[in-house]
Amino acid sequence: MVIVSTPSTGDPHTMPDAGYRIYALAGVALFAIGFYSLLVQAHLLRRIMALNVMGSGVFLVYIALGAQTPGPIPDPVPHAMVLTGIVVSVCATGLALALVDRVQAAAGDAEPGEDA
Amino acid sequence: MTSAWAMAWLILTPLVAAALAFAFPRLGRSLALGTAGVIGLAVAHLMRLVFANGVQTHLVSGWGAPLGIELRADGLSVLMLIVTALIGVAIALYSQRYFVSEHDDEALHRERYFWPLFLFLWTALDALYLSADIFNLYVTLEMLGFAAVTLLALAGTRAALTAALRYLFVSLSASLFYLLGVGLVYGQCGTVDLPSLAAQARSGPALWVALALMTGGLIAKAALFPLHGWLPPAHANAPAPVSALLSALVVKGPFYILLRLWFEAFPALMTPAVAQVFGALGAAAILWGSVNALFQPRLKLLIAYSTVAQLGYLFLLFPLAASREGGFMAWSGGLMLLGAHACAKTAMFLTAGNILHAAGHDRIKDLDGITHVLPVSVFAFGLAGMSLIGLPPSSGFAGKWLLLNAALAQGQWWWVAVMILGSLLAAAYIVRMLAHAFTRVNEPKTPNPIPPVMEGTALALALLAVVLGFASPWAAELLRVGAPVVGPIVMGGSVP
Amino acid sequence: MTSRVMVGVLSLAMCAALGWAVQSLPVRPTGLTGASLAKLPESGVTNPVTAVLLNYRGYDTLLEVGVLLLAIVAVWSLRRGEWPASDLHDRPLLMSLLRVVLPVLVLAAGYLLWIGAFAPGGAFQGGALLGGAIVLVMLGGLARRVLAYDRLLRAGLVLGVIVFAAVCAVTMLLTGGLLQFPAGTGGTWIMVIESAALVSIGLTLGLLYFGGRPNGDRLDSEHRRPAHHA
């Protein structure tokens, strides 16, 4: 697996050609961990956190993709996409929490017994 | 008025109306009606432009792709917008009286929040059908999902809330799968613009994985077997107009995106094997959904399982439209079926809502004699059932006829068997409900009164579902504009 | 237990597939850095991320502001919010902190808004700070009466969407294109959109923390008969 960086020409501030990959792989790992927890955890709040972890994984992959540019300035498009994604993620979390509270109030506990 | 203006009206009107409906809750009903009117006019205008001048595009903010976002209206988008507008108008009318039928503060609360949420849903759908940018589609998908989940939760019952939470979890995780796929596409191709992706025509492992991720997410959102489990409790426990919106419109959005991805952006990746897998899942959905519908004690659950089955028909489009010879016939057949299902399913759910109001429950075996109480609604249900089964001259028949002919023309006779079986099962569960409705009763039950507009909209949509079969040549002509597949339409059904 | 194992295997397989996909991505950049930097002078700002967010892909941001509003509408439809169970008298440290931190937060939010045009910052970043300030206010139990001003709250929440849509309408009348700013005025329009968005974003985030519609929400229960509280 090639994640050793190869030196690029010129600017010392540049991310080496493949150096971004470790971050992208970390993002992928977070995504998988989050997905596993989402399916396995029964506690509703932990499921919401699992979704957040998945989201963070996706955002990390985007940022890593934006890092592989020849100059010192990273690609702004993935950054803007991540900003949008974070806002949507916060909204989703807020909605999920409110809904979990309603479900708990109706049922009495946070472990519904069936998985999503 | 240019197409850019039409597109802007289509997206901005419901968005602003939603904001105003939240700021001034009393204006909710009028805002919805006004929006329906504006959208109707805008869709009609856009349709005329597309017929006259072909595919309409607009570069938002003046920047060309891939830097900017492109709005695009071709035959497929316009057809989806027309279907959305038809159902939207019907729901806007139906819901004027639906919530007020119950007299208490909780109903008022539900109505006050229904209107902005409904308008947000409409915004999301219009934005989705006009967008040619896969990241922008993510944002529209999220808006769609949030609105749908919250509308479902408005019912307030424990079953509805649990179903809503399950739907939310599925929706959010599916969106994240989709988003990761978009990221990989950007990493590979440097763009998220659909036409640019189509022009690049790349392939590679990253794109395979990306497409798998996106498809997985979209299939879950479209409730294709085997990821359909969230749908029946959700659609059955929502308030009646919401059930209609969910079945007729919300699940179709992700399906539309799948079409765009596989037929336009990455057609090289759609090997025959992949197409057959889609078809197999669709066939499983048809059979599983129909058989389950047959045994449901509650009317709304029956209708919800019917949705699972009907969505399976749509996925038969993949194996049948991929080829050159029968391609367009299957394409137009599948999409006509989509429109037919939207009208018929809405009519059915609205009818179920009327029955629920009148009788206080929706247990099928206890619905004896409901015809005497709600003749119009039961008639509407029957007409909608006609379209669902696929009886001529309904649009359901037109769609299925085209799909059957396409399957025969390509020698994929196994889909023919599935479709025929599906129609038979549909006939079984429709007749089952009607049989109970038409039985004689000794003591007539005293019903709650139903406002005429509620029965009227259900009937109107059912009539549309039946009559629109005559409009199928026109629909096919519309779909030809910018279609990714070509081919003749052989209405004679000749088998080579 | 076996279902856990199966899910674990599935997740690992997915992780491996994704890792393989990431590995196979081209090493030479295929992104849009060049294009975005090239068009930067015409965009009206000098921060490339702001240019992407509010100019090149401003339509995404329009929908995103819509999603924010949708979220608060949804949460309000679901439940009533509640104040954290705290009393300022028990928390003198919090009160002193608030006295110092709140003005700084509000100032910083405004500063981030202004500087977003040419350095990292912008409406969302400033809005997050503003939201944080509102959360602190709630933690301190202050300004309870503000939540009674229904109309004001709702106006503040919808401000972002309304102003953004108004800018869309006006610029469309001027140039014929959706969100197409007339040449040279991009910076001004962006500042208008961002200022309105800042208010809405901050309010939305803070009220999301509050977790629901304010108690005694009169607008909801305005009707022929008097409202009674659950």
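Predicted model: local features only at pLDDT ≥ 70, side-chain atom pairs only at ≥ 80, totals over all residues.
Residues are numbered from 1 along each chain as its sequence is written, and chains are lettered from A, with ligands numbered from 1, in the order in which they are written.

Let me start with chains B and C, whose contact takes 49 residues from chain B and 48 residues from chain C, two residues being in contact if their C-beta atoms, placed from the backbone, lie within 7 Å. On the side of chain B that touches chain C, the elements giving two or more residues are α1 (3-23), α4 (105-130), α5 (134-153), α6 (158-189) and α8 (205-221) of chain B; helices here are DSSP runs of H or I with at least four residues, strands are runs of E with at least two, and both are numbered from the N terminus. That side of chain B divides into 33 nonpolar, 13 polar and three charged residues, where Ala, Val, Leu, Ile, Met, Phe, Trp, Tyr, Cys and Pro count as nonpolar, Asp, Glu, Lys and Arg as charged, and the others, Gly among them, as polar.

Turning to chains C and A, 35 residues of chain C are in contact with 35 residues of chain A. On the chain C side, α1(C) gives the most, with ten residues.

Finally, B:G64 lies in the loop between β1 (56-59) and β2 (70-73) of chain B, and B:G64 is 30 residues from B:Y94 in sequence but 42 Å away in space, C-alpha to C-alpha.
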